Amino acid sequence: VACENKFDDYDPAQAVEGAQAYFSNDNAKSFTISKADVTPIAITVMRGESAAAVSVPIRLTQGEEAAFSAPEKVDFKAGQNKTTINVTCDPEKVADGKSYKVTLTIGDESITTPYGNNEITITVKIPEPWKSLGKGQFTDDAMAPLFSIAAPTREVEIFENANYPGCIFLKDAYGLKYWVDVFGIKESNLAGFPETYLKIDVSDP
């Protein structure tokens with residue numbers, strides 16, 4: 001006996017028309033730029049219909065600092081389905097050590113697609129300006145003695161904050177090599193161990 005299913009209330013989706021512009025899923029969502037080198041951030045814009053040339057309006061929204069800008073549109077040539085839009089930063093309007101949210105939106109819903117992202121929000125991080133002072137000797141008299149291990153002395157790299165002289169950090173003072181060298185843990189057991197930083201204020205010794 002043949003079975004037949006009928007769905008009288010089925011309403012097929014409307015065909016997508018227009019340029020069908022969207023932001024690529026391959027776009028990164030987090031960026032780090034320094035005030036000394038504000039490299040433009042390239043965001044990829046795609047479209048599903050590429051037969052004719054078209055301009056796609058882009059709207060940028062951000063915080064009150066208004067430190068970021070981008071063109072008000074991107075242009076696709078006939079046959080082109082991929083292009084980029086550059087987000088630029090005014091270094092005078094951002095602060096070291098802070099993060100900023102920037103949102104790009106395709107400004108005309110009639111040329112978007114329900115199957116792609118018509119909006120993208122990125123996070124832009126401005127790192128503190130640390131400069132290397134070279135190598136130094138770090139003696140750990142805090143962690144190792146807790147485990148009845150003689151205080152080890154190891155070579156570490158020393159950095160100083162260019163904005164705050166005397167504010168330094170020791171790179172990987174308690175990093176992967178510390179646990180391998182001092183405690184004898186196998187490096188293979190510490191896969192993915194992050195870099196560590198020990199911050200010290202010596203501005204008023």
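Biologist: In this predicted model, which residue in β3 is the bridge partner of alanine 21?

Modeller: The model is predicted. Strand β1 and strand β3 (residues 41–47) pair in the antiparallel sense over three bridges. Within this pairing, the bridge partner of alanine 21 in β3 is arginine 47.

Biologist: What is the order of strands in the open sheet that has β1 and β5 as its edge strands?

Modeller: Strands of a sheet pair through backbone hydrogen bonds, either parallel or antiparallel. Here the pairing is antiparallel, and the open sheet has four strands. Strands β1 and β5 (68–69) each pair on one side only, so they are the edge strands. The order is β1-β3-β7-β5.

Biologist: Is serine 24 buried or exposed?

Modeller: Serine 24 is placed in the loop between β1 (21–23) and β2 (30–32). The relative accessible area of serine 24 is 11%. Because buried means under 20%, serine 24 counts as buried.

Biologist: What is the bridge partner of glutamate 160 in β12?

Modeller: Strand β11 (153–161) is joined by four bridges to strand β12 (residues 167–171), and the two run antiparallel. The bridge partner of glutamate 160 in β12 is isoleucine 168.

Biologist: How many aromatic pairs does the count come to, and what is the geometry of the pair formed by phenylalanine 147 and phenylalanine 183?

Modeller: The count comes to ten aromatic pairs. For phenylalanine 147 and phenylalanine 183, the ring centres are 5.3 Å apart and the planes stand at 90°. Because planes over 60 degrees apart count as edge-to-face, this pair is edge-to-face.

Biologist: How many residues apart are phenylalanine 147 and phenylalanine 183?

Modeller: Phenylalanine 147 lies in the loop between β10 (130–139) and β11 (153–161), whereas phenylalanine 183 lies in helix α1 (residues 176–183). The pair therefore links distant parts of the chain, with a separation of 36 residues.

Biologist: Is phenylalanine 147 buried or exposed, and how does phenylalanine 183 count?

Modeller: Phenylalanine 147 has a relative accessible area of 52%, so it is exposed. Phenylalanine 183 has 25% relative accessibility and counts as partly exposed.

Biologist: What is the geometry of the aromatic pair of tyrosine 178 and tryptophan 179?

Modeller: Tyrosine 178 is buried at a relative accessible area of 1%, and tryptophan 179 is buried at 19%. Their rings lie 5.1 Å apart centre to centre, with 90° between the planes. The pair is edge-to-face.

Biologist: Which residues do ring pairs link into a cluster with Phe138?

Modeller: Both Phe147 and Phe183 belong to this cluster, as do Tyr178 and Trp179. Together with Phe138, the linked residues are Phe147, Tyr174, Tyr178, Trp179 and Phe183.

Biologist: How many disulfides does the count come to?

Modeller: Cysteine 89 is buried at 11% relative accessibility, and cysteine 167 is buried at 15%. A disulfide requires two cysteine sulfur atoms within 2.5 Å. By this rule the count of disulfides is zero.

Conventions
Residues numbered from 1 in each chain as written. Predicted model: local features only at pLDDT ≥ 70, side-chain atom pairs only at ≥ 80, totals over all residues. Heavy atoms only, no water. Buried < 20%, exposed > 50% of the residue type's maximum accessible area, 1.4 Å probe, protein only. Phe/Tyr/Trp six-rings, centres within 6.5 Å; stacked < 30°, edge-to-face > 60°.
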